[in-house]
Amino acid sequence: MYNIRKVTDDLFWVGANDHRLALFENCFPIPRGVSYNAYVLLDEKTVLFDTVDWAGCRQLLENLEYVLDGRPLDYLLVNHLEPDHAASIDIILKTYPDVKIITNEKAFLLMRQFGFSIDEHEQITVAEGDTFSFGTHTVTFVAAPMVHWPEAMVTFDTTNGALFSADAFGTFGALDGKLFADEVDFDRDWLDDARRYLVNIVGKYGPHIQLLLKKAGPILGDIKYICPLHGPVWRENLMYFIEKYDTWSKYLPEKKGVLIVYASMYGNTENAAQALAGRLCEKGMTDVAIYDVSSTDVSQLISEAWKYSHIVLASVTYNLGIYPAMHNFLMDMKALNFQKRTFAIIENGSWACRSGDLMSAFIEDEMKYMDLLNERVSLASSLGAGKAGELEALANALIDSLEGKED
Ligand code: FEO
């Protein structure tokens with residue numbers, strides 16, 4: 001059965017939702033599912049903007065058949081070749097043997113690499129700044145390299161103001177009927193997944209997102225709809241989400257607050273993390289979040305790190321090194337080019353306590369534009385009463401830093 005939503009009178013969402021996939025890219029947990037968005041424009045010519053993951057192919061075909069209502073599919077316009085959007089291209093080409101393909105040179109190359117049968121179809125290669133008319137609607141193309149792959153581009157319909165933004169402005173989470181961001185409580189229910197999606201998948205390419213936002217600058221006022229490849233379509237309050245993307249891609253925190261991530265084998269390091277949180281709250285800093293590095297998916301930790309201005313890493317020493325899960329978190333932050341935060345350290349070791357020095361060295365030597373507070377809590381096995389002074393000093397240093405006072 002078809003399942004479509006109308007974006008405008010002649011533009012339709014024809015995508016699919018997926019609640020079966022446990023790990024997006026076989027990597028990131030998606031307990032709220034994900035949507036693969038595709039759109040059809042019914043102009044003098046008919047156009048399909050992108051396809052869907054193989055898991056949603058049958059739904060796409062049923063949706064297309066219903067929306068086209070006997071008309072041929074004239075064009076397939078491809079903005080992004082990653083298989084969560086492109087896997088169904090080949091079946092579309094086979095189902096609509098006369099469809100013409102519009103995309104850029106790199107995307108055609110990738111189509112061949114993926115083995116799609118494009119050679120029986122007319123191929124229209126476009127580049128940044130080109131325009132193409134489907135009748136009433138004229139679109140223009142903007143290259144968006146590394147948002148999220150090198151071939152990625154976005155397409156702007158200058159007639160109705162719809163921006164087909166590819167992975168940009170996407171989010172984890174299945175739509176489940178609600179197509180528009182103004183049909184959900186985005187800030188409450190979607191923002192964390194939107195941040196987790198962006199920063200884990202494209203976080204490394206913040207400068208490329210900035211470049212795309214810069215290119216979009218002159219037409220911002222003309223954009224009436226943002227139609228991403230995942231998650232809700234935006235038709236109201238667009239600047240809310242555009243400003244989030246601007247903040248995230250500049251590696252700036254969304255809020256002043258403290259993220260405490262602890263690695264604890266028997267609860268003693270966790271005890272220190274909790275004691276620090278208590279003191280911070282006692283002093284009025286209640287925007288504090290605590291996570292166990294061993295039981296929290298690293299994509300969630302990354303998202304929370306992107307959100308907060310200050311990060312406390314509390315780790316036991318393990319094999320004379322950093323606890324493996326904490327080391328993995330550090331490596332992931334480095335891999336994603338994460339920067340511009342203030343760190344503090346709690347270390348623990350029953351003998352040869354090394355985790356604090358190693359985490360400090362990682363932050364200072366391996367990461368960019370990070371500050372590290374001098375105050376450190378150093379435990380020998382457990383948080384004894386004698387450590388109250390160190391804990392107090394660390395809490396005070398964090399508060400001072402949050403208030404913009406010198407360390
Ligand atoms: Fe949602 Fe880069 O694909």
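Me: Start with the domain interface. How many salt bridges cross between domain 1 and domain 2?
Reply: Zero, by the rule used here. Keep in mind that this is a predicted model. To count, a Lys or Arg side-chain nitrogen would have to lie within 4 Å of an Asp or Glu carboxyl oxygen.

Me: What polar contacts are there between the two domains, then?
Reply: Four residue pairs are in polar contact between domain 1 and domain 2, both residues being at pLDDT 80 or more. On the domain 1 side, strand 5 (28-29) and helix 6 (191-201) are the elements that give two or more residues. Helix 6 gives the most, with five residues. By type, that side of domain 1 divides into four nonpolar, two polar and four charged residues.

Me: How do you know which domain is which?
Reply: The domain assignment puts domain 1 at 5-249 and domain 2 at 258-402. Their centres, taken over C-alpha atoms, are 39 Å apart.

Me: What makes the two domains count as being in contact?
Reply: Contact needs heavy atoms within 4.5 Å, and 10 residues of domain 1 meet 13 residues of domain 2 that way. Between them the domains bury about 980 Å², with 52% of it on carbon and sulfur atoms. In domain 1, Arg195, Asn200 and Lys204 lose the most area to domain 2, together 45% of what that side buries.

Me: Arg195 again, then. Why is Arg195 called buried?
Reply: Buried means under 20% relative accessible area. Arg195 comes in at 1%, so it counts as buried.

Me: What makes Asp192 and Arg195 a salt bridge?
Reply: The cut-off is 4 Å, and the closest N and O atoms of Asp192 and Arg195 are 3.1 Å apart. The two residues sit three apart in helix 6, so about one helical turn separates them. In an α-helix, residues three or four places apart point the same way, because there are 3.6 residues a turn.

Me: Is Asp192 buried or partly exposed?
Reply: Partly exposed: its relative accessible area is 39%, and that class runs between 20% and 50%.

Me: How do you know that Lys244 and Glu254 pair up?
Reply: Their closest N and O atoms are 3.4 Å apart, which makes a salt bridge under the 4 Å limit. Glu254 is partly exposed at 24%. Salt bridges with shared partners join Asp192, Arg195, Lys244 and Glu254 into one network.

Me: Why is Lys215 with Glu128 called a salt bridge?
Reply: Their side chains meet at 2.8 Å, N to O, inside the 4 Å limit. This pair links distant parts of the chain, 87 residues apart: Lys215 is in helix 7 (residues 206-216), and Glu128 is in the loop between strand 11 (123-125) and strand 12 (131-133). Lys215, at 30%, is partly exposed, and Glu128, at 44%, is partly exposed too. The structure holds 22 salt bridges.

Me: Last one. Why is helix 10 called largely enclosed?
Reply: Eight of the 10 residues of helix 10 (residues 298-307) are buried, so the rest of the structure largely encloses it. Among the buried ones are Leu301, Ile302, Glu304, Trp306 and Lys307.

How values were computed:
Residues are numbered from 1 along each chain as its sequence is written. This is a predicted model: local features need pLDDT of at least 70, side-chain atom pairs count only at pLDDT 80 or more; totals for chains, interfaces and linings use all residues. Side-chain values use heavy atoms; hydrogens and water are left out. Buried means under 20% relative accessible area, exposed over 50%, partly exposed in between (1.4 Å probe, protein chains only). Helices (H or I, at least four residues) and strands (E, at least two) are DSSP runs, numbered from the N terminus. Domain bounds come from an automatic or database domain assignment. Buried area is the accessible area (1.4 Å probe) that two parts lose on being put together, summed over both. A polar contact is a pair of N or O atoms within 3.5 Å; within protein, one must be able to donate a hydrogen and the other to accept it, and residues adjacent in sequence count only if both atoms are side-chain atoms. Ala, Val, Leu, Ile, Met, Phe, Trp, Tyr, Cys and Pro count as nonpolar, Asp, Glu, Lys and Arg as charged, and the others, Gly among them, as polar.
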